[in-house]
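Subject: Structure for you to look at, with notes

Dear colleague,

I am handing over a structure to you with this email, and I would be glad if you kept it open while you read.

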Amino acid sequence: MATQHSRSAARLMMAPAVFLLLVWMLVPLSLTLIFSFKKFLPLRGDQIESGWDWVTFFPSLDWVGFANYGRFVSSSAFWPAVSTTLILVGGVLIVTVVFGILLAILLNQPMWGQGFVRILVIAPFFVMPTVSALVWKNMFMDPNNGLFSHLWRFFGAEPISFLSEAAMPSIILIVSWQWLPFATLILLTAIQSLDGEQLEAAEMDGAPVLKRFWYIILPHLGRAITIVILIQTIFLLAIFAEIFVTTGGAFGTRTLSYLIFQRVLESQNVGLGSAGGVYAIILANIVAIFLMRIVGKNLDA
Amino acid sequence: MGQIQLNQVTKSFGDVQVIPPLDLTIEDGEFCVFVGPSGCGKSTLLRLIAGLEDVSSGHIAINGKDATMTPPAKRGLAMVFQSYALYPHMTVRKNIAFPMKMAGMSEDEQKRRIDAAATALNLTDYLDRKPGQLSGGQRQRVAIGRSIVREPDAFLFDEPLSNLDAALRVGMRLEISELHERLQTTMIYVTHDQVEAMTMADKIVVLRSGYIEQVGSPLDLYHAPRNKFVAGFIGSPKMNLIEGPEAAKHEAHTIGIRPEHIDVSKTEGTWKGVVGVAEHLGSDTFIHVHDTGLADMITVRIIGDIEAKHGDTVYLTPQLDQMHRFDDKGLRIA
Ligand SMILES: Nc1ncnc2c1ncn2[C@@H]1O[C@H](COP(=O)(O)OP(=O)(O)OP(=O)(O)O)[C@@H](O)[C@H]1O
Ligand SMILES: [Mg+2]
């Protein structure tokens with residue numbers, strides 16, 4: 001599509017950005033890799049006598065081979081953390097995509113106060129994760145004074161302590177609430193680009209409302225749904241604040257990223273945490289490849 | 001069967017009445033064309049018949065039965081849209097099968113009808129392609145294919161050819177006419193192209209801002225336009241309309257004479273003028289004559305070629321028996 005000349009000019013102009021990006025990503029990545037092969041326990045003071053390493057700008061530490069990797073996987077917390085992560089990501093994806101589609105269809109109907117309602121729907125996206133998790137924890141899910149407890153009592157039921165008795169569903173609810181606006185917004189713009197004549201043609205062809213949704217609207221949204229799923233997955237794999245302020249990783253809510261946090265900061269084992277980080281990268285790639293296989297074919301249609 | 005009757009039908013969008021009370025009957029098997037300038041309500045009228053818009057008042061009857069409140073799918077009509085409205089994620093085969101699938105037809109019957117339609121419309125080689133991989137004319141044929149497999153009582157076309165280039169348009173025009181000859185099904189066809197209207201229609205309905213100006217066969221409209229608007233709209237090039245003393249000579253407010261009904265001479269004639277632009281088409285020549293003192297410009301059509309260039313003086317003689325006379329309200333004087 002371009003001439004030889006314009007291609008090389010483009011390369012020249014992109015070079016600084018590419019360079020910056022590489023440095024930006026390569027430095028932390030290679031540090032993580034290096035630490036994951038070392039014994040690094042800062043609080044034990046073992047770096048003091050070991051001198052300075054000019055490659056990593058950190059104290060020279062002992063190479064320990066794959067010991068950290070072995071320890072991280074053999075820990076009894078590893079596989080539960082992986083499955084918790086997958087359940088959290090999967091749950092939030094299902095909730096946000098399903099409700100995102102419903103909300104997008106609703107918001108696309110001509111109705112009174114449309115602009116205002118749209119802003120309301122987008123609002124949760126602007127609330128910081130820590131704040132929203134705290135609001136949910138104290139305002140809605142508090143077993144004594146939360147709104148849900150009042151609701152439960154109103155219907156004569158015994159209020160439950162959501163964040164301990166139903167910890168995973170509660171966290172999925174909180175995270176979904178935050179990501180629903182994103183999904184809705186992308187799906188809404190996709191729905192708005194649907195040619196109205198196609199729906200009218202389907203109506204004349206004898207397709208009732210639900211079939212029009214299934215055969216016309218849903219395939220039209222395919223690409224947007226793919227994008228929502230891929231982007232959200234990237235961010236959801238790293239969910240942290242919501243777990244930190246609500247359950248602190250207890251009651252079966254310890255995800256891989258939370259486990260890494262505990263290893264690095266609570267047990268002050270940087271090497272072990274770095275190995276976990278590498279596992280997280282591998283998991284993210286597996287999930288991404290898996291998702292691309294299922295939904296990615298929508299992208300090149 | 002496919003008789004459609006509109007009875008005092010009106011349509012308003014908010015306060016704006018787009019279709020004032022309107023009566024119209026389209027007979028079974030007729031090829032009926034709605035023509036009119038842009039924004040006159042042709043599409044709206046078609047969508048009212050299809051059921052895609054609700055009438056504001058009045059009644060629509062299909063095959064003698066009241067269908068005013070019948071949903072579009074139950075009216076037994078098929079529509080071909082200007083944008084074709086094909087389903088982009090389905091193959092041509094699935095597009096054509098869609099209405100049959102919705103009707104719950106058996107797979108065998110679906111396949112039989114798809115093959116028949118594909119053969120009739122030259123689509124056999126494209127059945128497994130997606131609409132995005134087809135040319136405009138092929139897409140148009142798929143849209144027609146999707147509508148014929150249902151064997152509807154009537155077809156509705158909304159400017160189906162306006163996205164095609166001129167050559168393709170002529171071809172598709174013939175194909176649609178042939179389809180009508182073969183199926184003998186009622187067709188309602190919206191266009192703003194009066195050539196399409198003249199060549200395809202059994203009956204033309206000329207609309208202006210929602211009002212029906214005249215209903216009739218193409219030749220009725222050509223030979224006896226009911227008013228100045230129809231006179232100017234039907235026929236190409238346009239009829240010359242002349243007011244003032246020249247019209248008074250014929251006891252009319254306005255006289256109209258079609259370009260093909262004026263004789264040209266270099267030496268003598270009723271009106272004298274100067275040639276402006278001469279358009280040589282080979283088979284015909286259109287000459288635009290200025291400075292006649294009658295109207296800004298008089299257009300003349302001559303069969304064959306004629307020596308005429310910019311600045312030549314010519315004499316024009318109207319064929320008096322082909323002259324149309326209109327009164328001061330623009331209505332035809334018999
Ligand atoms: N949904 C709508 N809301 C308000 N006004 C409308 C609507 N649809 C059509 N109109 C108006 O109704 C009038 C007739 O529109 P219509 O589409 O029937 O014209 P048309 O004859 O098909 O014109 P064209 O040849 O350009 O397609 C126009 O003045 C248009 O602005
Ligand atoms: Mg129109």
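A residue is called buried under 20% relative accessible area, exposed over 50% and partly exposed in between, with a 1.4 Å probe and the protein chains only. By that rule B:Thr10 is buried, because its relative accessible area is 6%.

Before I go on, please keep in mind that this is a predicted model, in which local features need pLDDT of at least 70 and side-chain atom pairs count only at pLDDT 80 or more, while totals for chains, interfaces and linings use all residues. Residues are numbered from 1 along each chain as its sequence is written, chains are lettered from A and ligands numbered from 1 in the order in which they are written, and side-chain values use heavy atoms, with hydrogens and water left out.

Surroundings of B:Thr10

B:Thr10 belongs to strand β1 (residues 4-13) of chain B, where helices (H or I, at least four residues) and strands (E, at least two) are DSSP runs numbered from the N terminus. Its side chain makes a polar contact of 2.8 Å with the side chain of B:Ser57; such a contact is a pair of N or O atoms within 3.5 Å, and within protein one must be able to donate a hydrogen and the other to accept it, while residues adjacent in sequence count only if both atoms are side-chain atoms. Not counting residues up to four places away in sequence, B:Thr10 touches several residues, including B:Ile19, B:Pro20 and B:Val55, contact meaning heavy atoms within 4.5 Å.

The sheet of six strands

Chain B has an open sheet of 6 strands in the order β6-β7-β8-β3-β9-β10, with mixed pairing; two strands pair if DSSP finds at least two bridges between them. The edge strands are β6 (77-80) and β10 (211-216) of chain B, each of which pairs on one side only. Neighbouring strands of this sheet are turned by 15 degrees against each other on average, direction ignored; axes here are lines fitted to C-alpha atoms, for helices over the stretch in contact, and angles run from 0 to 180 degrees between N-to-C directions.

Within this sheet, β7 (residues 154-158) and β8 (residues 186-190) of chain B pair in the parallel sense over 5 bridges, and B:Phe155 stands opposite B:Met187 in β8(B). Helix α1 (residues 42-50) of chain B packs on the sheet, and its direction makes about 150 degrees with that of β7(B). Helix α5 (residues 166-183) of chain B lies across β3, β7 and β8 of chain B, at about 160 degrees to β8(B).

Aromatic rings

A:Tyr215 is partly exposed at 21% relative accessible area, whereas B:Phe98 is buried at 1%.

B:Phe155 and B:Phe157 form a stacked pair, 6.2 Å centre to centre with 25 degrees between the planes. B:Phe155 is buried, with a relative accessible area of 2%, and B:Phe157 is buried at 0%.

A hairpin in chain B

Strand β14 (residues 271-280) of chain B is joined by 5 bridges to β15 (residues 284-290) of chain B, and the two run antiparallel. They form a hairpin with 3 residues between them, and B:Gly282 in the turn has a positive phi of about 95 degrees. The bridge partner of B:Glu279 in β15(B) is B:Phe286. Strand β14(B) is also joined by 4 bridges to β17 (residues 313-318) of chain B, again antiparallel, with B:Trp271 opposite B:Leu316.

Notes
Phe/Tyr/Trp six-rings, centres within 6.5 Å; stacked < 30°, edge-to-face > 60°.
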